[in-house]
Amino acid sequence: MTQAAYQPSMLDLADAGPTLGPLPGQIRRHQLSRGAWVDHLPGWVRGSDTVLDTLLTEVPWRAERRTMYDAEVDVPRLLCWYDGARQLPHPVLTAARAALTEHYAPELGEPFVTAGMCLYRSGRDSVAWHGDTIGRSAHTDTIVAIVSFGAPRPLLLRPRGGGGESQRFPVGHGDLIVMGGSCQRTWEHAIPKTTRPVGPRVSVQFRPHNVA
Ligand SMILES: O=C(O)CCC(=O)C(=O)O
């Protein structure tokens with residue numbers, strides 16, 4: 001497997017330990033069509049490369065297989081699921097979940113609970129077009145917040161069923177992206193493969209109870 005050497009971001013080299021920046025007044029909303037929106041805040045977690053090191057070594061990453069047509073294939077990324085009761089592998093993630101819960105309380109009205117984690121080991125790892133439509137998000141508006149660590153990868157969004165412009169947000173090195181409103185039902189998102197040499201990226205997705 002080709003895997004690029006991991007390169008810390010220059011901003012991160014200046015930081016002693018990971019901290020969260022403010023959300024109010026800093027995070028920028030992009031209204032999409034059909035009642036969907038995306039909030040984006042680059043570099044929300046400062047000192048994010050320390051967190052990446054912890055995530056790469058402490059998370060019990062699992063490879064999964066899935067059935068595609070008639071064959072069983074590897075899911076092209078490693079996964080780990082933290083339910084609300086399980087301690088998160090870095091305290092800044094616990095702080096991030098609390099800060100997101102507070103910031104989005106007026107719109108969401110319930111806490112972020114679970115943390116889904118994905119490790120994209122290289123440009124060969126990816127996730128195909130999908131919406132998070134397991135559970136309540138199949139029929140109800142909700143919010144999914146993603147904090148990224150490591151090498152930036154583009155997160156693409158497009159309206160489900162076509163029609164309308166797609167969007168592209170680079171996500172890595174402590175960036176925060178939040179999908180809200182009808183986004184999981186009416187839009188799809190993906191992390192495409194790339195032939196560029198890229199280092200590992202970890203995505204941490206915070207979701208409310210019964211959304212996946
Ligand atoms: O890598 C990401 O940030 C996206 C992950 C994702 O869409 C998912 O696991 O459902």
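I'll start with a helix: helix 2, residues 48–58, lies across strand 9 and strand 14, and runs at about 90° to strand 9. Keep in mind that this is a predicted model.

Helix 3, residues 91–108, lies across strand 7, strand 9, strand 12 (176–181) and strand 14. Its direction is at about 45° to strand 14.

Eight strands make up an open sheet, and the order across it is 2-3-12-9-14-7-6-5, with antiparallel pairing. What stands at the edges? Strand 2 (28–31) and strand 5 (62–68) do. Each has a single partner strand, so one side of each is left without a neighbour in the sheet. On average, neighbouring strands here are turned by 25° against each other, direction ignored.

Inside that sheet, take the pair of strand 9, residues 144–150, and strand 14. They run antiparallel and are joined by six bridges.

As background, nonpolar side chains tend to be buried together in soluble globular proteins. Which residues does Ala 145 touch? Leaving out residues up to four places away in sequence, they are Leu 100, Phe 112, Leu 176, Val 178 and Phe 206.

Within it, strand 10, residues 153–159, pairs with strand 13 over four bridges in the antiparallel sense. Here Leu 156 has Ala 190 of strand 13 as its bridge partner.

Last, the ligand. Which residues surround it? They are Gly 116, Cys 118, Val 127, Asp 132, Ile 146, Leu 155, His 189, Ile 191, Ser 203 and Gln 205. Strand 7 (114–120), strand 13 (187–191) and strand 14 (201–207) are the elements that give two or more residues to this shell. Sorted by class, the shell has five nonpolar, four polar and one charged residues.

To close, strand 14 is the one to remember: it pairs with strand 9, and it gives residues to the ligand shell.

How values were computed:
Residues numbered from 1 in each chain as written. Predicted model: local features only at pLDDT ≥ 70, side-chain atom pairs only at ≥ 80, totals over all residues. Near = placed C-beta within 6 Å. Nonpolar A, V, L, I, M, F, W, Y, C, P; charged D, E, K, R; others polar. Contact = placed C-beta atoms within 7 Å. Pairing = 2+ DSSP bridges. Axes fitted to C-alpha atoms, helices over the stretch in contact; angles between N-to-C directions.
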